[in-house]
Amino acid sequence: MRLLWRSPDDGDRRRPGPKRRLTVDQIVTASISVADENGDVSMRAVAERLGVTPMALYSYVPDKETLLALMYDSIHADVSDPQRVGADWRRAVVTWAEELVDLYVSHPWALQVSYARPVLGPHEQVMLERLVAHLRSEAIPPGLLRRAVGMLLHAVRGTARTIAEARESARTSGVSEEEWWEEVAGALAAAVPDFADRFPHTVWLLTDDEAAGGDEAGDGYVDRQARASLRVGLELLLDGLVAAAGLTGSNDGDSAP
């Protein structure tokens, strides 16, 4: 916790000896770069990147678990404050969620950090504070708001994990998403020729798939589906908050994502 919050360590400051070559921030930055490239991080790989021995790193960071916590908190500094772009509270919440999904997809190793045992670092706390501030501006009761925030965090992490897993599967298998779905769909049709008769409601559910088409960014099918589900889910959640809190007005044309 002292490392996360960069609390002054009087013992370290009084310790005699040569000036320390590195800073914790330098180590964290190098570690993020290593993890982004390799999908994971090790003290040895970070030491090689910085040109020091692994043992030298342990005088700054005691273990990999602590290093991962520092890295996880650090990347949250890249999440902007939606208020700065003049967004209303609904737009701000949607922007917050979509930026956080993009952050975790860009740094999929961050999803290794357990949501059940949060890091509680300063940058992560600022990210959460901004979300609560936007929602609290609508006078939503704290008990209701706490549950909504929990669902938002679950939705963001779940969306990011699904997208990250789809990209990693395509990378490691060498089989594109389109090829995989085509092969599996063909195998399912051959194995269960009466699938439509046995599962008519599921087939009906897939008849109007607005997220099936491609886009200019070249995102895969799972990516598009996950993001579309997140957008609709956010609107439903925010509509529910408005209704449950007895607020006037819900969604309008200016606040829709």
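Here are a few friendly notes on a predicted model, to read with the structure open.

1. Helix 2 covers residues 24-38 and helix 5 covers residues 64-75; they pack at an angle of about 85 degrees, and their axes are 9 Å apart. Angles of 65 to 115 degrees count as roughly perpendicular, so helix 2 and helix 5 are roughly perpendicular to each other.

2. Now look at who makes that contact. Helix 2 brings Val-24, Ile-27, Val-28, Ser-31, Ile-32 and Ala-35, while helix 5 brings Leu-67, Leu-70, Met-71, Ser-74 and Ile-75.

3. Next, find His-76, in the loop between helix 5 and helix 6 (89-106). Is His-76 buried or exposed? Buried means under 20% relative accessible area, and His-76 has 2% relative accessibility, so it counts as buried. Setting aside neighbours within four places in sequence, His-76 is in contact with Leu-100, Leu-103, Tyr-104, His-123, Glu-124 and Met-127.

4. One of those partners deserves a visit of its own. Glu-124 lies in helix 7, which spans residues 122-136. Again leaving out neighbours within four places in sequence, Glu-124 is in contact with Tyr-72, Asp-73, His-76 and Val-119.

5. Finally, check the charge on Glu-124. Glu-124 is buried, yet it has no salt bridge. Which side chain of opposite charge is nearest to Glu-124? That is Arg-157, 6.3 Å away, whereas a salt bridge needs a side-chain nitrogen of Lys or Arg within 4 Å of a carboxyl oxygen of Asp or Glu.

Terms used:
Residues are numbered from 1 along each chain as its sequence is written. This is a predicted model: local features need pLDDT of at least 70, side-chain atom pairs count only at pLDDT 80 or more; totals for chains, interfaces and linings use all residues. Side-chain values use heavy atoms; hydrogens and water are left out. Helices (H or I, at least four residues) and strands (E, at least two) are DSSP runs, numbered from the N terminus. Buried means under 20% relative accessible area, exposed over 50%, partly exposed in between (1.4 Å probe, protein chains only). Lys and Arg count as positive and Asp and Glu as negative; His and the chain ends are not counted. Contact means heavy atoms within 4.5 Å. Axes are lines fitted to C-alpha atoms, for helices over the stretch in contact, and angles run from 0 to 180 degrees between N-to-C directions. Angles under 35 degrees count as roughly parallel, over 145 as roughly antiparallel, 65 to 115 as roughly perpendicular and the rest as oblique.
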